Structures are given as C-alpha cells and as structure tokens.
Amino acid sequence: MMPAPPQRDPLLPPLQDAQGRTMTYLRLSVTDRCNFRCTYCSPASWGGKKDLLSPEEFERIASVFARMGIRRVRLTGGEPLIRPDIVEVVRRIAALPGIEQVAITTNASHLERLAAPLREAGTTQLNISLDTLSEATFRSISKQGDFVSILRGIDAAVGAGYAALKLNVVVMRGVNDAEVPDLVAYAHARGMTPRFIELMPFGKGTPVPTAELVERLQATGLSLVPDDEQHGATAGPATYWRAPGGRVGFISPLTQNFCGGCNRVRVASNGDLRSCLGGRAQAPLHALIRGGATDAELALAIRAALGEKPEGHRFTEPGAGAFLLPMMGIGG
C-alpha cells in the first residue's frame, strides 16, 4: 500500500487569491472609531464595533500572515492613534520575523505626542490624511476635530525621521479640488509625497477623475513625468509622477482600476478578514482565535476566503454601494 502523500503546510507562502495574485500586504484595522467625522468616511450614524482585538490577538494574526508571505503591515482605522495601546501594537508587529515594513494611516491629530514613540517602536512609514489647508473647509468636511493639531502633528512627523511620509488627499469636486496645487507645494516643502485619491462610493461628495487632476496640475506649470519605478513587491495601489519638488501620487479606484495588481488583504478591527474592499468573502479570525484554533486552522480559513476573492471591485456598477460599509467600518 502506497503511503499517503505528505499534506501541504497551509502556512507556507505564497498566499494567493483565486486569480493567482500573491498577497504580500496586510491592512490591519485596529479600531473603527475616529475623533473626526469626515463626510466621505465616517457618517454620524456609525456606532462602531464593540469587540475589538487585543494587542496579543493582532500580533497572533499578523504572525500567521507573516509566515504565509506577508511582508508589509499597515495599521488603519478609524483613527488608529486613539487606541491607548497603539505603541504596543506597533512594537509587537514590527518585531515579528518576516515583517519588513510597518506603516500607519492617521489623521495626525495625535502625532505631536506620538510621532517619535511610534517611530521608536518600529513604524517605518506614515500616511497622513489632510484634505485641505483651510480650516473653514476642514470644518465643512469633518464637522469636528482640531485643525491646528493636525498641522502640529505633521511637523512632528517630519522631525521624527521616518523612512517615508505621504500626504493623502481625498479630492471632492467643489470642496477641495481647487487646493490640489497648494497641497502639492505644502507636501513637497516638507519632504512628503502628496497622493490624490478619487472619492469612492462610501459617503457624500463628487469625485474628480485622476486624468483631470493631472491636466490641472500641468496647466499651473508643474512639470509631471510618469515615474518609471512605480511599484515594489509590497507597494499599494498608487501610481506616481515625478515633479521638480518630488513625487506626486494618484490613487484611482474608479477611472484607472488597479485590481489586476492587487496584493492586499484586509482584517477589520474585530478580526473579520475581508478579502476585497468591494467584496463579500470574509473569515471570522477573531472567533477562530477565541475558539482555540491553531495557526494552521487560521491559515486554512484565510486561504479559503482568499479563494473567493473576485477579479476586481464593482464600484462603478449600478447599486454597487448598497452593501458596502462606511470606509471606517472596512478599515481605511
């Protein structure tokens, strides 16, 4: 009788989805609460999840993903820096074998205090959300929050020695689209890379296509040349152009679908894996962990969910937004 062939270790990389795309980038939401109420992200009706994971549980999930080939972890929210244990979460994940980069997306409201401790804990990159340089416009977008604290937080981040700082701007027609040239100048003056994001169908507002923004910037006299070095193995969805003061990035989920090169998987703040920003396939990693699942069982659940990941999102189809959670509920 022939011996049974050895079973494949479910933790061995590569971690691939149904389309054969290799996952190297984990977006891990540590909270779905925020101290702002931006109209496109966090509606006033959003109550948030009650059962958030602990630092130990985030570490456990990240360690399984690292053994499956994930090399970059981005901590998102909500606003991740409102967690009092955020430095501990960073320290635990940054210390995991295989993790090469730990990034955070933040609104900068707590960065004046935390920029240096987060860098010391192992954070390599910050993506800072700043949609306007006008306090009045900020008030119209966010409804709450301290605008001056954001600017102080950005200055603290610039002085903290991060490997990379990016300025994320969600562009909305008639709201902040006229500020795009000023935001490029503001970012480049601080050694940051501005990135302009097409508004997705999660909240209020009208998007501005990337091609239009490029034309507008060029019309102001800014020289933009496509960057030949677009992506590394753990890069996100942005495409970049070179300008005299630095790079300028664009994230174009609606007009320049980037799903073909997707390398990302998302886990919500309560431990639910979501295989696609616009998809339905999920895995309840939190329930598995608290039910005593082994790392191999977690890996099998992760692979099963990724096996249902669609070829791409369906944001542009009629009625596609009906089943989507607010952005802060999905995880940044």
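These legends walk you through several close-up views of a predicted model.

**View 1. Helices H1 and H2 pack side by side.** Let us begin with helix H1, which covers residues 55–67, and helix H2, which covers residues 86–94. Two packed helices are described by the angle between their axes and the distance between the axes. Here the angle is about 25°, and the axes of H1 and H2 are 9 Å apart. Angles under 35 degrees count as roughly parallel, so H1 and H2 are roughly parallel to each other. Their crossing is right-handed. On the H1 side, look for Pro 55, Glu 56, Phe 58, Glu 59 and Ala 62. Their partners in H2 are Glu 88, Val 89, Arg 92 and Ile 93. Sorted by class, this contact between H1 and H2 has 5 nonpolar and 4 charged residues, with no polar ones.

**View 2. A salt-bridge network joins four residues.** Stay with H1 and H2 for a moment and pick out the side chains of Glu 56, Glu 59, Glu 88 and Arg 92. Side chains of opposite charge can pair when their charged atoms come close. Glu 56, Glu 59, Glu 88 and Arg 92 are linked in a network of salt bridges. In the structure as a whole, there are 15 salt bridges.

View 3. Is Val 89 buried or exposed? Val 89 has a relative accessible area of 0%, so this residue is buried. Which residues does Val 89 touch, leaving aside its neighbours within four places in sequence? They are Val 30, Pro 55, Phe 58 and Leu 75. Val 89 itself belongs to helix H2.

**View 4. Helices H3 and H5 make another packed pair.** Helix H3 spans residues 111–121 and helix H5 spans residues 147–158. They pack at an angle of about 20°, with 8 Å between their axes. H3 and H5 are therefore roughly parallel to each other, and their crossing is right-handed. Leu 111, Glu 112 and Ala 115 come from H3, and they meet Arg 152, Gly 153, Ala 156 and Ala 157 of H5. By class, this contact has 4 nonpolar, 1 polar and 2 charged residues.

**View 5. Arg 290 and Glu 57 form a salt bridge.** The closest N and O atoms of Arg 290 and Glu 57 are 2.8 Å apart. This pair links distant parts of the chain: Arg 290 lies in helix H8 (residues 285–290) and Glu 57 in helix H1, 233 residues apart. Arg 290 is partly exposed, with a relative accessible area of 40%. Glu 57, at 14% relative accessibility, counts as buried.

View 6. Arg 139 is partly exposed at 35% relative accessibility, and Glu 135 is partly exposed at 37%. Arg 216 is partly exposed, with a relative accessible area of 28%, and Glu 212 is partly exposed, with 23%.

Key: Residues numbered from 1 in each chain as written. Predicted model: local features only at pLDDT ≥ 70, side-chain atom pairs only at ≥ 80, totals over all residues. Heavy atoms only, no water. Axes fitted to C-alpha atoms, helices over the stretch in contact; angles between N-to-C directions. Helix = DSSP H or I, 4+ residues; strand = E, 2+ residues; numbered from the N terminus. Parallel < 35°, antiparallel > 145°, perpendicular 65-115°, else oblique. Left-handed = near helix turned anticlockwise from the far one by under 90°. Contact = heavy atoms within 4.5 Å. Nonpolar A, V, L, I, M, F, W, Y, C, P; charged D, E, K, R; others polar. Buried < 20%, exposed > 50% of the residue type's maximum accessible area, 1.4 Å probe, protein only. Salt bridge = Lys/Arg side-chain N within 4 Å of Asp/Glu carboxyl O.
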